[in-house]
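Here is a short tour of one protein model. Keep the sequence and the 3D view open while you read.

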Amino acid sequence: MASLAQQESESLSQNVKLGMQYRFQQGKVMVNASCFLGYDKDENGDLVINPEQAETVKRIYREYLEGASCQQIARGLERDGIRTARGNTRWHDSSIRLILENEKYMGDALLQKTYTVDFMTKKKVINKGIVPQYYVEDDHEPIIPKELFYRVQEELARRASMNKSAVTR
């Protein structure tokens, strides 16, 4: 019985995986909007801007380009009582960095950034080319203009290279 149950679970997992991959190939973006700062979902499941949260996203990008670190931005948001996408009062610098690196804020979407390696444990790992990824341009209304997004990416790279050279000295 246990063997049959496991086989059924594996089959179901494979079917779900294939269904998701088909939706990705069709360019259908799936995002958990309850954990995604700046956006909600409308009745059709499409991403729509949450105006209040979008202001927080714009602030994060602006402050970063003005020279603030991810940690400084996080402390400033906490000080001003601004909540995370999940409603927490505590911000982490890693969360700020993820917001700065997320292409969805410019209206695009990279699909299949992670994948499940084991259907039993449901363990997910970052996709480093093992399964195909799909890039959808102009999927939804952007909060951040593309030019601003790319300037932030350049600044992230510049600061990372400065940190590496400071460490090797």
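This is a predicted model: local features need pLDDT of at least 70, side-chain atom pairs count only at pLDDT 80 or more; totals for chains, interfaces and linings use all residues.

Strand 4 and strand 5 form a hairpin with four residues between them. In this turn, K122 has a positive phi of about 60°. Strand 4 covers residues 114–118, strand 5 covers residues 123–126, and the two run antiparallel. Four bridges join them; two strands pair if DSSP finds at least two bridges between them.

Residues are numbered from 1 along each chain as its sequence is written, and side-chain values use heavy atoms, with hydrogens and water left out.

**Overall layout**

The secondary structure comes to five helices and six strands. Both kinds of element are DSSP runs numbered from the N terminus: helices are H or I with at least four residues, strands are E with at least two. From the N terminus on, the order is α-β-β-α-α-α-β-β-β-β-α.

The C-alpha atoms fill a box of roughly 60 × 50 × 30 Å, taken along the principal axes. The protein has 169 residues, and 31% of them count as buried. Buried means under 20% relative accessible area, exposed over 50%, and partly exposed in between, with a 1.4 Å probe and protein chains only. Take the contacts with a separation of 6 or more: residues 24 or more positions apart account for 54% of these. Contact means heavy atoms within 4.5 Å.

How do helix 2 and helix 3 meet, and at roughly what angle do they cross? Their axes come within 10 Å and cross at roughly 140°. That makes helix 2 oblique to helix 3. Axes here are lines fitted to C-alpha atoms, for helices over the stretch in contact, and angles run from 0 to 180 degrees between N-to-C directions. Angles under 35 degrees count as roughly parallel, over 145 as roughly antiparallel, 65 to 115 as roughly perpendicular and the rest as oblique.

Helix 2 passes helix 3 in a right-handed crossing. A crossing is right-handed if the near helix is turned clockwise from the far one by less than a right angle, and left-handed if anticlockwise. On the helix 2 side, T56, R59, I60, E63 and Y64 make the contact. Helix 3 supplies C70, I73, G76 and L77.

**Salt bridges**

Side chains of opposite charge can pair when their charged atoms come close. A salt bridge is a side-chain nitrogen of Lys or Arg within 4 Å of a carboxyl oxygen of Asp or Glu. By this rule the count comes to 13.

| Pair | Closest N to O |
|---|---|
| K58 and E55 | 3.6 Å |
| R97 and E101 | 3.1 Å |

K58 and E55 both lie in helix 2 (residues 51–65), three residues apart, about one turn of the helix. K58 is partly exposed at 34% relative accessibility. E55 is partly exposed too, at 47%.

R97 and E101 sit four residues apart in helix 4 (residues 93–101), so about one helical turn separates them. R97 has a relative accessible area of 33% and is partly exposed. E101, at 35%, also counts as partly exposed.

Are R159 and E155 buried or exposed? Both are buried. They lie in helix 5 (residues 146–168), four residues apart, about one turn of the helix. Elsewhere, salt bridges that share partners join R59, E63 and D80 into one network.

**Loops worth a look**

Most residues other than glycine have a negative phi. Q112 is not a glycine, yet its phi is positive, about 70°. Q112 is found in the loop between strand 3 (109–111) and strand 4. With a relative accessible area of 11%, Q112 is buried.

D138 also has a positive phi, near 50°. The loop that holds D138 runs between strand 6 (134–136) and helix 5. D138 is exposed, with a relative accessible area of 57%.

K104 lies in the loop between helix 4 and strand 3. At 10% relative accessibility, K104 counts as buried. Leaving aside residues up to four places away in sequence, K104 touches V31, F36, Y39, A109, L110, K113 and H140.
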